[in-house]
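Let's take a walk through this fold together. Keep the viewer open and follow along.

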Amino acid sequence: MALQVTGGVGCCCPPGSARRLPQAAALCRPPRAVVSGATRVVEEDEGKVRLGGSGVAVTKLGIGAWSWGDTTYWNDSEWDDRRLREAQDAFDASIDNGMTFFDTAEVYGTALMGAVNSETLLGGFIKERQQKDQIEVSVATKFAALPWRFGRGSVLSALKKSLDRLGLASVELYQLHWPGIWGNEGYLDGLADAYEQGLVKAVGVSNYNEKRLRDAHARLKKRGVPLAANQVNYSLIYRTPELNGVKAACDELGITLIAYSPIAQGVLTGKYTPENPPTGPRANTYTPEFLAKMRHVMYVQLQPLMNRIKEIGASYGKSPTQVSLNWLTCQGNVVPIPGAKNASQAKEFAGALGWSLTGDEVEELRTLAREIKGIRMPIEESYILCISPTHVVAGADGEDDARI
């Protein structure tokens, strides 16, 4: 079944439309996704969007929990009570500001160097909050396609352990975190088994290129299971999914694109400089040498884009981060999941909701972004199979860069 997006792609509001008038707000909703050959129309719920062809609706902006409990990449190699309180404050602020979709993974916060599993933390935050309020939280987590895991049974086994850590009977979305070196057909069968057993409400993949995505969609379709999502690196500055066919395939097949690193971990916004690099393990990735190269790109290629983002943001009373996240939501069929380490970040992310760039602004920013050449994050240069999120896994075809 092909997915047809009505009203055009990459446009939240008609070009030149009024941006703040109530009458224009009705026109600024992202286009409806219509599955050809069927009468079903994927409508937006109040503040929510459906994940692909599943029955799961999530908030238009989610929160990534990669940093929660982690010591291998985030948090200066240390997890302590202060960081725990900040993470819980980020969770509560997200809920309070209408973001109830949280993405985690079994390998986030692995038991290294005092780390605490992200799933365990998220489950505890949910339980404590539910003791105070009646809240509905949507949880996505991921299966690690490690080379010693074989067959569909490994997926069910890992999922049940994730559910135990989360303290939940089921999750809204279960994803294959990256393509395995082998056994991917079995992993997909395991996803379908989990769906049929009611342990998950929807299934997805992550870091899949177009070919793998189409193959996964076809295999699951034979089981009558919709492939709901593909989670990939996507931002205004890093638009690879638009160039390699992944975004188009998602739109065609009715698969939601979940965008991780939607603000490039803060690096491409100018937050870090050669004189002020990030601390902790990230300093090994974002070195002063790399940041010096980025400075050249920043001022020669990126600055015109950043200047325009600031100008547009000022007209709405929004920050560059909020403009960048809103640009992604305006693409249609995209759910960004920025990572929030504290309440302040969560509140800023929430400011990307409830308004829309015009179609003219969306295309103007895309045009400026096209002038940026050769940006490749150093995290993509490593091809070491490791359970640390500082490395990348490559599939057998060499095209499936995957953040772990």
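Start at alanine 202, which counts as buried because its relative accessibility is 1%; buried means under 20% relative accessible area, exposed over 50%, and partly exposed in between, with a 1.4 Å probe and protein chains only. Alanine 202 sits in the loop between helix H5 (184-196) and strand S10 (203-206). Helices (H or I, at least four residues) and strands (E, at least two) are DSSP runs, numbered from the N terminus. Not counting residues up to four places away in sequence, alanine 202 touches Ser54, Val56, Glu172, Leu173, Tyr174, Tyr195 and Ala228, where contact means heavy atoms within 4.5 Å. Glycine 52 is 150 residues away along the chain, yet its C-alpha and that of alanine 202 are separated by 9.1 Å.

Before going on, a word on what you're looking at. This is a predicted model, where local features need pLDDT of at least 70, side-chain atom pairs count only at pLDDT 80 or more, and totals for chains, interfaces and linings use all residues. Residues are numbered from 1 along each chain as its sequence is written, and side-chain values use heavy atoms, with hydrogens and water left out.

Now zoom out. The protein has 13 helices and 15 strands, and of its 404 residues, 58% count as buried. Among contacts between residues at least 6 apart in sequence, 74% join residues at least 24 apart.

Next, the sheet. Eight strands make an open, parallel sheet, in the order S6-S7-S8-S9-S10-S11-S12-S13; two strands pair if DSSP finds at least two bridges between them. At the edges you'll find strand S6 (63-64) and strand S13 (334-336), each pairing on one side only. Strand S12 (residues 256-260) joins S13 in the parallel sense over three bridges, and leucine 257 has valine 334 in S13 as its bridge partner. Helix H8 (residues 246-253) lies across strand S11 (227-233), S12 and S13, running at about 145 degrees to S12. That angle compares N-to-C directions on a scale from 0 to 180 degrees, with axes as lines fitted to C-alpha atoms, for helices over the stretch in contact.

Two loops that follow strands of this sheet are worth a stop. Asparagine 207 lies in the loop between S10 and helix H6 (210-222), and its phi is near 60 degrees, a positive value in a residue other than glycine. Serine 261, in the loop between S12 and helix H9 (282-285), has a positive phi too, near 50 degrees. Most residues other than glycine have a negative phi. Asparagine 207 counts as buried because its relative accessibility is 4%, and serine 261 is buried with a relative accessible area of 12%.

On to the helices. H2 (81-96) has 16 residues and reaches 22 Å from its first C-alpha to its last, close to the 22 Å expected at 1.5 Å a residue; the expected span is 1.5 Å times one less than the number of residues. The buried residues of H2 pack against S6, S7, H3 and helix H12 (343-350), and among them are Ala87, Phe91 and Ile95. Just after H2, glycine 98 takes a positive phi of about 85 degrees.

Helix H3 (residues 118-130) has 13 residues and reaches 18 Å, close to the 18 Å expected. Asparagine 117 caps its N-terminal end, with a side-chain oxygen 2.8 Å from the backbone nitrogen of glutamate 119. Its buried residues include Leu121, Leu122, Phe125 and Ile126, and what covers the buried residues of H3 includes H2, strand S7 (101-103), strand S8 (138-143) and H4.

In helix H4 (residues 151-166), look for serine 154, which counts as buried because its relative accessibility is 13%. A polar atom of its side chain lies 2.6 Å from the backbone oxygen of glycine 151. Leaving aside neighbours within four places in sequence, serine 154 is in contact with Phe143, Arg149 and Tyr187.

The largest nonpolar core has 88 residues, and Trp68, Phe91, Tyr174, Leu305, Leu357 and Leu365 touch the most other members. A second, separate core of 14 residues includes Val56, Phe101, Ala140 and Ile258. A nonpolar core here is a set of buried Ala, Val, Leu, Ile, Met, Phe, Trp, Tyr and Cys residues joined through side-chain atoms within 4.5 Å.

Note on methods. A polar contact is a pair of N or O atoms within 3.5 Å; within protein, one must be able to donate a hydrogen and the other to accept it, and residues adjacent in sequence count only if both atoms are side-chain atoms.
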